[in-house]
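Work through the following exercises with the sequence and the model side by side, and try each task before reading its solution.

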Amino acid sequence: MSFFTRIVTRSALGVAFARSMSTEAAPVVAATRKVVIPRPRGQVDTPESFLKAIGRGCEKYTEKFKDWDHLFKANTIALKHEMGIGAKQRKWILMWTNKFRLGIDPYLIRTSKKHTMKRTERLARAKRRRND
């Protein structure tokens, strides 16, 4: 036992720290994740109605989900590689499935119109303002 290990392992926190700094191979533990699938409630009872309720172009992916369970079991990897869903919609769907698990019913959050202009349109508008 090294000098450092003897000093650090005098407390419970020190023992945990010494174990984390150990060069010995730690046993590999399989990560198991229990997925909670909520019951449909209100008007949201199918993947199609869920995706339509959250908006932002997610309704075009309704045919990718087989059923309600498939929607709530899908993770990032499945949405990306197996279903080919883009990053923005993928994050939006995962955020809303998590909120639905927590009891928040989906509603449409519109994007801001302030920053939707293209760069060329903004430059043209700024140029017109300078000339006025």
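A residue is called buried when its relative accessible area is under 20%, exposed when it is over 50%, and partly exposed in between (1.4 Å probe, protein chains only). The model is predicted, so local features need pLDDT of at least 70, side-chain atom pairs count only at pLDDT 80 or more, and totals for chains, interfaces and linings use all residues. Residues are numbered from 1 along each chain as its sequence is written, and side-chain values use heavy atoms, with hydrogens and water left out.

**Exercise 1.** Determine which residues of helix α3 are buried and what they pack against.

*Solution.* Begin with the element itself: helices are DSSP runs (H or I, at least four residues), numbered from the N terminus, and α3 covers residues 47-54. Its buried residues are P47, S49, F50, L51 and I54. These residues pack against α4 (68-73) and α6, where contact means heavy atoms within 4.5 Å. For one of them, S49, the relative accessible area is 18%, and S49 therefore counts as buried. The side chain of S49 also reaches the backbone oxygen of T46 at 2.9 Å.

**Exercise 2.** Describe how the axes of α3 and α6 are placed, and which residues make the contact.

*Solution.* Axes are lines fitted to C-alpha atoms, for helices over the stretch in contact, and angles run from 0 to 180 degrees between N-to-C directions. The axes of α3 and α6 (residues 87-101) come within 11 Å and cross at roughly 110°. The two helices are therefore roughly perpendicular to each other, a label used for angles of 65 to 115 degrees. On the α3 side the contact is made by F50, L51 and I54, and on the α6 side by W92, I93, W96, T97 and F100.

**Exercise 3.** Find the salt bridge in the structure and say where its partners lie.

*Solution.* A salt bridge is a side-chain nitrogen of Lys or Arg within 4 Å of a carboxyl oxygen of Asp or Glu. A search of the whole structure finds one, in which the side chains of D105 and R41 meet at 2.7 Å, N to O. The pair links distant parts of the chain, since D105 lies in the loop between α6 and α7 (119-131) and R41 in the loop between α2 (12-20) and α3, 64 residues apart.

Conventions: Parallel < 35°, antiparallel > 145°, perpendicular 65-115°, else oblique. Polar contact = N/O pair within 3.5 Å; in protein donor to acceptor, adjacent residues only side chain to side chain.
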